[in-house]
Amino acid sequence: MSNEDGTRIIYRRTPESTAMLANVKRAMAITATLNRLTFNDADEIRALFSELIGKKVDESFLLIPPFYTAGGDEIRVGRNVFVNQNCTFYDLGGLDIADDVMIGPNVSIITAAHPLEPSQRRAATIGKPIVIERNVWIAAGVTIIGGVTVGENSVVAAGSVVTRDVPPNTLVGGNPARVIRSIGDDRGNLRKGA
């Protein structure tokens, strides 16, 4: 069941929860194979990741294993996307990653949650979409929680926890992540070797 905002609720002991469990088992089998590969196996990694998400990824896609997911079929990735090692993408709510995105090591992108009420926690799984727009850099150890959009050209500082939308062209950091400052294209200020 999906709401207008893209939130997906899957109740326990339903045909939807049975399908979700089957998809988790499928994803675990694919990622177990993927995680035996090395950086030098880029073509095989792309082939397995394509199988995982159900769509061929661009030749520019690069992922360094290990990688973990609880589904995979709700992940969409653009061109020139880099995913560093030890990342976890729980994609039940939908995960859209645009072109030119860089994702650092140990990043967790989690679209799934459970109800807060103790009596309901095991009764349902709730998925809220995450959108990562073009040219975003997500630094090491970041956690992104479902229901947010990370705006174009933004940077999420290492160790941050993103719980709300990140405006385009900003640097955010902390727990919860807050805007630190605006960022722009300062390539003209970079010095060779600096």
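Rings of Phe, Tyr and Trp (its six-membered ring) pair if their centres lie within 6.5 Å; planes under 30 degrees apart count as stacked, over 60 as edge-to-face and the rest as tilted. The model is predicted, so local features need pLDDT of at least 70 and side-chain atom pairs pLDDT 80 or more, while totals for chains, interfaces and linings use all residues. Residues are numbered from 1 along each chain as its sequence is written, and side-chain values use heavy atoms, without hydrogens or water.

**Exercise 1.** Classify the ring pair of phenylalanine 67 and phenylalanine 89.

*Solution.* Start with the count: the structure holds 3 aromatic pairs. In this one, the ring centres are 5.0 Å apart and the planes stand at 90°, so the pair is edge-to-face. Strands here are DSSP E runs of at least two residues, and helices H or I runs of at least four, numbered from the N terminus. Both phenylalanine 67 and phenylalanine 89 are buried (under 20% relative accessible area with a 1.4 Å probe, protein chains only). Finally, ring pairs join Phe49, Phe61, Phe67 and Phe89 into a cluster.

**Exercise 2.** Work out the strand order of the open sheet of 3 strands.

*Solution.* Two strands pair if DSSP finds at least two bridges between them. β10 and β11 (residues 124–127) pair in the antiparallel sense over 2 bridges, with alanine 113 opposite isoleucine 126 in β11. The order is β1-β11-β10, with antiparallel pairing. That leaves β1 (8–11) and β10 (112–113) as edge strands, each pairing on one side only.

Conventions:
Buried < 20%, exposed > 50% of the residue type's maximum accessible area, 1.4 Å probe, protein only.
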